[in-house]
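Please examine the fold shown below before reading on.

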Amino acid sequence: MTSPRHRRTRPLVLAGALAVVLLVAGTAYWTAVRDDGGETVREAEGPVDHPRRIMLAGDSMTQGANGDRTWRYHLWNHLAPQVEGLDFVGPYTDPATREMILPVPTSGDEAVESPAQDPAEGYEEGGGDGAPADRPGQEPSGPSPGEPQGLEGVVWPGADGDPDTVEYRDPDFDQNHNALWGRTLRDAAASIGEEVRVHRPDVLCVMLGVNDLLWPVTMEEMEHRLRGYVESARTGNPNLRIVIAEALPIALAESDEGFALRVYAYNELVREVAADLSTDTSPVISLDVAGREAWDAAADTYDGTHPNAGGETKIAAAFADALSQGYGIGFGFPRPLAVRPAQG
C-alpha cells in the first residue's frame, strides 16, 4: 500500500528545485547589476525590440548653422507621432555660430584650412564664441572679426538674419545630436565608442567623410577610418543598429576632379564596408541620399555644400525611409516632399 507521505514527495521535490533555480537566478542578477564597489551598473543589453533612442552623428550638414531648422528637425517631427518614447540622444544641442564655421571651398582654386584638430576639443555649448581652442604654435583657428572669408554674401537662413546668435529657426524638436562643424571621420572615430556608451543609442545615423576627402587621402586610409568608426561604436553597444550615409556631392566636385573621384570611391567603400560589417546582432545599412532624393548641390544647398530648406527635407526623408525599411522604425516619409520656403 502506497504511503500518503510518499505521494507528496514529487511536489516537495519540485518546489525545492524551483527555490534553488530562483536563488541562482537572483544571485546572478545581483552579480550582474553590482560592481565591486557596490554601485549599480548597467549591464550590456541584448537587441532592443522597439528601438527609440537615435543618435544623429556627423559634421556641419547635421549640426546646421544658426537659423537653420536642420534635417534633424524634419526627421523628429516625422517620427515623433509614430514612435512612442522617441528620443534623440547625443552630447550636443546647439547649431553652429558664425565663429565655428570653416567655409568649404566651391572650386579647386580655393584654399581651406586643414582639419588638424577635432572640433570637439575646446568646444563649449552655450558659452564663449563656440570656436575650437587655438592650436599650439599656430594662428587662432577661429576666423577674424567681421564676415569670415568665403562667406561674404551668404544668405543666412536665420529668422533675424543674424549669424552671431545661437538659435534654431524652429526649436520645436528634440535637439540632442552628435555633430560638429568641420568634424572628420578620423576625429569622430576616436570618441564614438564613449559617446555611444554614455548616451546609449539603439540606432546610430551617420553622415561623415566629406571633410576627410577635402584633402588627398588614400581609400585604404578611409577604409581604416570607416571600419574603426563602426568597430569603436560597437564597443559602446554591441547590439547597435547603424545607418551610414554616403557622401553628398557638393559644388567642389564640379571643378576639382581629384575630389570628385575621392567622393565616388568613398561611396563605393561605404557600401562595401556596410555589407561586410553588418551582423545579425548589429546590422549596418548604407544610405545613398543623393541617389534616393535626386540631390542637386545648386538647388538643395545655400552655399554649394550646406542644405537649405529643401535639402534638409531630402536628407530627413532618406533617413526616415532607411529607418522604416531597415529597422521598422516609423513609416516612410510622405511623398511628394513638402519643402518649406527658405524664409518665413
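This is a predicted model: local features need pLDDT of at least 70, side-chain atom pairs count only at pLDDT 80 or more; totals for chains, interfaces and linings use all residues.

Residues are numbered from 1 along each chain as its sequence is written, and side-chain values use heavy atoms, with hydrogens and water left out.

The chain has 12 helices and 6 strands; these are DSSP runs, numbered from the N terminus, with helices (H or I) of at least four residues and strands (E) of at least two. Of its 344 residues, 48% count as buried, that is, under 20% relative accessible area with a 1.4 Å probe and protein chains only. Among contacts (heavy atoms within 4.5 Å) with a separation of 6 or more, 79% join residues 24 or more positions apart.

In soluble globular proteins, nonpolar side chains tend to be buried together. A nonpolar core here is a set of buried Ala, Val, Leu, Ile, Met, Phe, Trp, Tyr and Cys residues joined through side-chain atoms within 4.5 Å. The largest one has 71 residues, and those with the most contacts inside it include Leu-75, Tyr-266 and Phe-319. Helix α12 (residues 309–327) gives the most to this core, with 9 residues. A second, separate core of 8 residues includes Tyr-92 and Trp-181.

Leaving aside neighbours within four places in sequence, Leu-75 is in contact with Leu-56, Phe-88, Ala-316, Phe-319, Ala-320 and Leu-323. Helix α4 (residues 71–79) is largely enclosed by the rest of the structure because 8 of its 9 residues are buried.

Is Asp-212 buried or exposed? Asp-212 counts as buried because its relative accessibility is 4%. This residue lies in helix α7 (residues 210–213), and its side chain reaches the backbone nitrogen of Leu-185 at 2.7 Å. Beyond its neighbours within four places in sequence, Asp-212 has contacts that include Thr-184, Arg-186 and Arg-225.

Finally, helix α8 (residues 219–236) and helix α9 (residues 257–277) pack at an angle of about 40°, with their axes 10 Å apart. The two helices are therefore oblique to each other. Among the residues that meet there are Met-222 and Leu-226 in α8, and Tyr-266 and Leu-269 in α9.

Technical notes. Buried means under 20% relative accessible area, exposed over 50%, partly exposed in between (1.4 Å probe, protein chains only). A polar contact is a pair of N or O atoms within 3.5 Å; within protein, one must be able to donate a hydrogen and the other to accept it, and residues adjacent in sequence count only if both atoms are side-chain atoms. Axes are lines fitted to C-alpha atoms, for helices over the stretch in contact, and angles run from 0 to 180 degrees between N-to-C directions. Angles under 35 degrees count as roughly parallel, over 145 as roughly antiparallel, 65 to 115 as roughly perpendicular and the rest as oblique.
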